[in-house]
Amino acid sequence: MDRYAGALEEVADSTRQQERHYELLSALQSLVKELPSSFQQRLSYTTLSDLALALLDGTVFEIVQGLLEIQHLTEKSLYNQRLHLQNEHRGEPGQRDEAPPPKGWRVPAALRICADRLLPWECSEEGAETE
């Protein structure tokens, strides 16, 4: 008797899945009707049916959800990087390694900082003259 109940459940699941397939196929066909005729000709019934079946198993939705999560993490990372760079360029307190040089020393000091970072073996104290 349990076998019979299991078989009935399988038939019911199969029937539900087939109904859902037809619903998705119908929705896809109505979307295709809104396209220009040149595109409509390229989307056969078989293609639309295969697409409906792909949507049924949920894999597509899982992939899209994963891509959305990756996009949100990437956007958050880029936003934080942008804020960090903006703070660095503004020279806001707490965001710089060095104290600002006196007014007359700003350009030579900035050049020395750049040279220290880019060419540390060629730096000397001679470049730190006042303007």
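Among contacts in the protein between residues at least 6 apart in sequence, what percentage join residues at least 24 apart? The share is 36%, where contact means heavy atoms within 4.5 Å.

This is a predicted model, in which local features need pLDDT of at least 70 and side-chain atom pairs count only at pLDDT 80 or more, while totals for chains, interfaces and linings use all residues. Residues are numbered from 1 along each chain as its sequence is written, and side-chain values use heavy atoms, with hydrogens and water left out.

The protein has 5 helices and 0 strands, helices being DSSP runs of H or I with at least four residues and strands runs of E with at least two, numbered from the N terminus.

| Quantity | Value |
|---|---|
| Buried share of the 131 residues | 10% |

Buried means under 20% relative accessible area, exposed over 50% and partly exposed in between, with a 1.4 Å probe and protein chains only; the areas come from the Shrake-Rupley method with a 1.4 Å probe, and for residues only the protein chains shown count as cover.

The largest nonpolar core comprises 6 residues, Leu24, Leu25, Leu28, Val32, Leu48 and Ala52; such a core is a set of buried Ala, Val, Leu, Ile, Met, Phe, Trp, Tyr and Cys residues joined through side-chain atoms within 4.5 Å. At least two of its residues come from each of α1 (2-33) and α3 (45-56), and α1 gives the largest share, 4 residues. Leaving aside residues up to four places away in sequence, Leu25 touches Tyr45, Leu48, Ser49 and Ala52.

Leu35 lies in the loop between α1 and α2 (37-40), and it counts as partly exposed because its relative accessibility is 33%.
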